[in-house]
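Subject: The model, and what turned up in it

Hi,

Here is the structure I promised to pass on to you.

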Amino acid sequence: MRSPKKKICIVGLGYVGLPLAVEFGKVREVIGYDLNKDRINKLKVGVDETRETTKDEIAQAKFLKFSSNPSDISEAQIFIITVPTPIDENKKPDLKPLESASKLVSKHLKKGDMVIYESTVYPGATEEFCVPILETNSNLKFNRDFFCGYSPERINPGDKLHRLRNIKKITSGSTKKIAKEINMLYLEIIDAGTYLADNIRVAEAAKVIENTQRDINIALINELSLIFNKMNIDTNAVLEAAGTKWNFLPFRPGLVGGHCIGVDPYYLTHKSLELGYSPNVILAGRKINDSMGKYVATEVLRLVAKKKIPIENLNILIMGFTFKENCPDIRNSKVIDIYNHFIEFSCHVDVYDPEADKNDVLNEYGINLINKPGINLYDAIVVAVGHDSFKSISVDEIRTFGKLQHILYDVKSIFDCRYVDGAL
């Protein structure tokens, strides 16, 4: 007779934790835990405000139970922690959510239990930062009484093509036996298969460099865009031409925000600086990408002046506020940098984004999103995010929002450059 499958507790039901809980909830008992009672109540009736899962998908997870009651998690033998790992105002890792989650789990940790981390961290964080918390608060000994693993998330918010089941999963464990058990665990739900890393530190490093590599590549293209704009050369035309070579990488200029690419490199540079090495290339890329919001605002104001539009009391419309197209995620949105720079110049700025949650934007950034842009109101219009809903509007229709004399700036280059006044 086969022994029953171990029960899982997913700690944190955001963009990463919820899809994981839903998939595991189809094959074994799962407790989906989150501090946010309102989110739990909505999930209980099948409402996912992140739009990463549907009501039908949640209903298919017949073994999944949602809870905001900490005592419920003691039923589990496997704990998977999927909390955010942001940066603070000094661009240093903010491990408070990870610390809180580890303390919570430690109070319910039993002999033989396993704790798996999916949150992005610097190499060594699981064993150097998290394990001591688990040991201290549980009075249990690591790799004797309980075990750990690391399997980095690869969720791409808003992406309906690359989803949890069809993205290859890196796995690792604190012992060879546990590593194999963790690998087999994820194979229950990952159709694309898994890659068993040599150890936890390798898995942590692999995750953090995935987004660091993308960040540096985008920074290069952003810098090329700055150069070509000074030369009055269409950057996208250059990239199209260069892209005819088989090994040219198809990156595009833009704002680099969100919870991953704009954050993860700082975890690696933090650890590197601690060890006495200055990661010059990574930091240079971060500096360029962090400056692009201010650059866009400055370019818009330059074009306004060039068109002899009076600079005083400008009315500006920003279209889009989420960190990427077609999703409601506003975490670390770099559109705020454009907005703040305009405010510094005493502009009146309206922000329109049908994809973003108005309450989230108000609570996080203090901005009231407008319901719909007015007609003939704006001196400048900035299309900041490439939502499909914006792409479906013609340039002529967008220009009706502007006054007789106005500037249209296309951050994402979604329109033909001939019909806009400026673009990255």
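Below are my notes on the sheets, the helices, the spaces inside and a few residues.

First, the ground rules. This is a predicted model, in which local features need pLDDT of at least 70 and side-chain atom pairs count only at pLDDT 80 or more, while totals for chains, interfaces and linings use all residues. Residues are numbered from 1 along each chain as its sequence is written, and side-chain values use heavy atoms, with hydrogens and water left out.

**Strands and sheets**

Helices (H or I, at least four residues) and strands (E, at least two) are DSSP runs, numbered from the N terminus. Two strands pair if DSSP finds at least two bridges between them. For accessibility, buried means under 20% relative accessible area, exposed means over 50%, and partly exposed is in between, using a 1.4 Å probe and protein chains only.

Let's begin with strand β1, residues 8–11, which is covered on both faces. I8 and I10 are buried on one side, and C9 and V11 are buried on the other. In a regular strand, side chains alternate between the two faces of the sheet. β1 runs parallel to strand β2 (residues 30–33), joined by four bridges, and I10 has G32 in β2 as its bridge partner.

Strand β9 (residues 315–319) is mostly covered, with four of its five residues buried. Five bridges pair β9 with strand β10 (residues 348–352) in the parallel sense, and I316 stands opposite V349 in β10. Strand β11 (residues 378–383) and strand β12 (residues 402–410) also run parallel, joined by five bridges; there, I381 has L408 in β12 as its bridge partner.

**Helices and their ends**

Helix α7 covers residues 200–230, 31 residues in total. From first C-alpha to last it reaches 46 Å, close to the expected 45 Å, where the expected span is 1.5 Å times one less than the number of residues. At the start of α7, a side-chain oxygen of N199 comes to within 3.2 Å of the backbone nitrogen of R201. Just after α7, N232 has a positive phi of about 60 degrees.

Helix α13 (residues 358–365) is capped at its N-terminal end by D357, with a side-chain oxygen 3.0 Å from the backbone nitrogen of N359. Just after α13, G366 takes a positive phi of about 70 degrees.

R302 is in helix α11 (residues 292–306) and counts as partly exposed because its relative accessibility is 42%. Its side chain makes a polar contact with the side chain of E299, at 3.1 Å. (A polar contact is a pair of N or O atoms within 3.5 Å; within protein, one must be able to donate a hydrogen and the other to accept it, and residues adjacent in sequence count only if both atoms are side-chain atoms.)

**A pocket and a cavity**

On a 1 Å grid over the protein atoms alone, a cavity is a set of points where a 1.4 Å probe fits but cannot get out; a pocket is an open set with protein on both sides within 12 Å along at least five of seven lines, and lining residues have an atom within 4 Å of a point. Grid points are joined across faces, edges and corners, and a volume is the space filled by probe spheres set on the points.

The second largest pocket holds about 1,200 Å³ of space. Of its 42 lining residues, N156, R214, I261, K324 and E325 lie nearest the centre. α7 gives the most to this lining, with five residues.

One cavity of 30 Å³ or more was counted. The largest cavity has a volume of about 60 Å³, and its lining is V16, L20, E118, E153, R154, I155, L164, I167 and K169.

**Two loop residues to look at**

Most residues other than glycine have a negative phi. R51, in the loop between α2 (37–44) and α3 (55–60), has a positive phi near 65 degrees. S413, in the loop between β12 and β13, has a positive phi near 50 degrees. R51 counts as partly exposed at 37% relative accessibility, and S413 counts as partly exposed at 24%.

Happy browsing!
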